[in-house]
Amino acid sequence: IDLDAAKRRNIAVYRTAGALTHPVADTVIAHVLAFARNLMSKDASMKQGEWRKLPSVTLRESVLGIVGLGKIGKAVARRATSFGMEVIGCDIRSISSEDLRENGISMESFSEVLRRSDFLSINCDLNPSSVQLIGEDELNLMKESSVLINTARGEMIDETALVSALEKQSIAGAGLDVFEKEPLSIDSPLRQMSSCLLSAHNANASPATFDYIHRKTIDNVLRGLRGE
């Protein structure tokens, strides 16, 4: 929304700030746990009639990198630190040392976050600086054992480069709730990859969250009608 243009035309713009913070942060941690404990492979093995002891890791031995330390990024960090994870992050904005300390985050450069993370969560907003934020060069910096998680906007990841990285196993997996073009094409290679955990732009799903958004929207309409 072009806020400057809206202001020139005397159009009031309201939002429901923070409404999606908790369900999206929960979804990120759900992805981390699913990959850390190798749940998809264990489930598939059992359903094929096998009885295999497949490897997995604990969160306490893992590093979570967060790109974008706004409300959702910080909520993800708080959840991760409660599991004993080391949390590192980066943001194009300045984040206060107090804010970092309260949320258990160590600030690093973008490239260092890519190199060190066992799990990399994209939680920034979509703007000119974040389009194609993760491409071939960035994926090449990541560990072969790392997992990329995107619950923000699909345009931040070069999907062609991601498919290539997954096929070459230069990263271990991806948890994706958003895609460059939605809905995701039925013939997308991502749909056939066992190393991918996919959902249909649904990280914010929660009846309580939707109820809050609807009530807040009505409140905003009333505020606008009152000229507030």
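Asn10 sits in the loop between helix H1 (3–8) and helix H2 (21–36). Look at its backbone in this predicted model. Asn10 is not a glycine, yet its phi is positive, about 60°. Is Asn10 buried or exposed? Its relative accessibility is 73%. Exposed means over 50%, so Asn10 counts as exposed.

His201 has a positive phi as well, near 45°, and is likewise a residue other than glycine. Find His201 in the loop between S7 and helix H9 (207–225). Its relative accessibility is 35%, so His201 counts as partly exposed.

Another loop runs between strand S6 (173–176) and strand S7 (196–198), and Pro183 lies in it. Check the peptide bond that joins Glu182 and Pro183. That bond is cis, with omega about -5°.

Now turn to strand S1, residues 63–67. How many of its five residues are buried? Five of the five are, so S1 is largely enclosed by the rest of the structure.

Which strands pair with S1? One is strand S2 (residues 86–90), parallel to S1 and paired over five bridges. In S2, Cys90 is the bridge partner of Val67. The other is strand S4 (residues 119–122), which also runs parallel to S1, with four bridges joining them. Here Ile66 has Ser121 of S4 as its bridge partner.

Finally, follow the chain from S1 through helix H4 (residues 71–82) to S2. Together they make a right-handed β-α-β unit.

Methods:
Residues numbered from 1 in each chain as written. Predicted model: local features only at pLDDT ≥ 70, side-chain atom pairs only at ≥ 80, totals over all residues. Heavy atoms only, no water. Helix = DSSP H or I, 4+ residues; strand = E, 2+ residues; numbered from the N terminus. Buried < 20%, exposed > 50% of the residue type's maximum accessible area, 1.4 Å probe, protein only. Pairing = 2+ DSSP bridges. Right-handed = clockwise from strand over helix to strand, strands pointing away.
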